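The following note sets out numbered points on the model shown below. Kindly read each point against the coordinates.

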Amino acid sequence: MIDSLPLPTVVETPTGLVELRAAVESDLDALMELLADDSVSRSRGDVASDADVAAYAAGLRAVTRDPSNVVVVVERRPTGGAEEEPGSDVIGMLQLTAIPGLARRGALRLLVEAVRIAATERGNGIGGAVMEWAKGPAALATGAGLVQLTSDVQRSDAHRFYERLGFVASHVGFKYFPDRE
């Protein structure tokens, strides 16, 4: 499923080319910063603290080992010819999860989570180009019959963004946190 994704791949954005590839451990600091670069995430504890590195590293390892999951990083395509180290110019991320199921005549769902574009890059069309890849080539490569995502109710700008891309707010989501009892 996820191993059929065309990664790495280059995507054209209005501001130039970006490369999408599977995250590796050396991307961890950049991924933590992207998660913390958001007020909703910060309110949940994603603050890019050195004290949390082990927890994030364990999470990334778990995703990396799971054949149904991938964290995709968005990197500026080097323009000078010199190869850069992975993670040196990460400007975005998203997690994709392939979910097999029975509903919709056994359709595979491609779940999109943790979509982040660096604040300095927002509004440049990068997020739109990356999401077009997720709902187009990535969905086709995995055989997904449905691409779905959830978005926090506080993210009204994100809701308008997803609706512009053709996503429909068709369901109400619920969450339960067992560790909060």
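1. Aromatic pairs. Rings of Phe, Tyr and Trp (its six-membered ring) are taken to pair if their centres lie within 6.5 Å; planes under 30 degrees apart count as stacked, over 60 as edge-to-face and the rest as tilted. By this rule there are 2 aromatic pairs. Tyr162 and Phe167 make an edge-to-face pair, with 6.0 Å from centre to centre and 75° between the planes. Ring pairs join Phe161, Tyr162 and Phe167 into a cluster. Tyr162 and Phe167 are buried, where buried means under 20% relative accessible area, exposed over 50%, and partly exposed in between (1.4 Å probe, protein chains only).

2. Basis of the values. This is a predicted model, in which local features need pLDDT of at least 70 and side-chain atom pairs count only at pLDDT 80 or more, while totals for chains, interfaces and linings use all residues. Residues are numbered from 1 along each chain as its sequence is written, and side-chain values use heavy atoms, with hydrogens and water left out.

3. A charge over a ring. Arg180 lies over the face of Phe177, at 3.9 Å from the ring centre. The criterion is that NZ of Lys or CZ of Arg is within 6 Å of the ring centre and within 35 degrees of the ring normal.

4. The structure holds 7 salt bridges, each defined as a side-chain nitrogen of Lys or Arg within 4 Å of a carboxyl oxygen of Asp or Glu. One of them joins Arg21 to Asp27, whose closest N and O atoms are 2.7 Å apart; Arg21 and Asp27 are both buried.

5. A link between distant parts of the chain. Arg155 and Asp38 form a salt bridge, with 2.6 Å between the closest N and O atoms. Arg155 is in the loop between strand 6 (144–149) and helix 6 (156–164), whereas Asp38 is in the loop between helix 1 (28–36) and helix 2 (39–43), and the two residues are 117 residues apart. Helices (H or I, at least four residues) and strands (E, at least two) are DSSP runs, numbered from the N terminus. Arg155 counts as buried because its relative accessible area is 18%, and Asp38 likewise because its value is 14%.

6. A salt bridge within a helix. Lys135 forms a salt bridge with Glu132, the closest N and O atoms lying 3.7 Å apart. Both residues belong to helix 5 (residues 126–142), where Lys135 and Glu132 are 3 residues apart, about one turn of the helix. Lys135 is partly exposed because its relative accessibility is 30%, and Glu132 is partly exposed at 38%. Elsewhere, salt bridges that share partners connect Arg21, Asp27 and Glu75 in one network.

7. The surroundings of Glu75. Glu75 is placed in strand 3 (residues 69–76) and counts as buried because its relative accessibility is 10%. Its side chain makes a polar contact of 3.0 Å with the side chain of Arg21. A polar contact is a pair of N or O atoms within 3.5 Å; within protein, one must be able to donate a hydrogen and the other to accept it, and residues adjacent in sequence count only if both atoms are side-chain atoms. The C-alpha atoms of Glu75 and Val90 are separated by 4.4 Å, although the residues are 15 residues apart along the chain.

8. Strands 4, 5 and 6. Strand 4 and strand 5 (residues 108–117) run antiparallel and are joined by 7 bridges; Ala98 has Leu110 of strand 5 as its bridge partner. Strand 5 and strand 6 run parallel, with 5 bridges, and Leu111 stands opposite Gln148 in strand 6.

9. Thr97. This residue is found in strand 4 (residues 90–99) and is buried because its relative accessibility is 14%. Not counting residues up to four places away in sequence, Thr97 touches Ile2, Ser68, Asn69, Arg109, Leu110 and Leu111, contact meaning heavy atoms within 4.5 Å.

Key
Two strands pair if DSSP finds at least two bridges between them.
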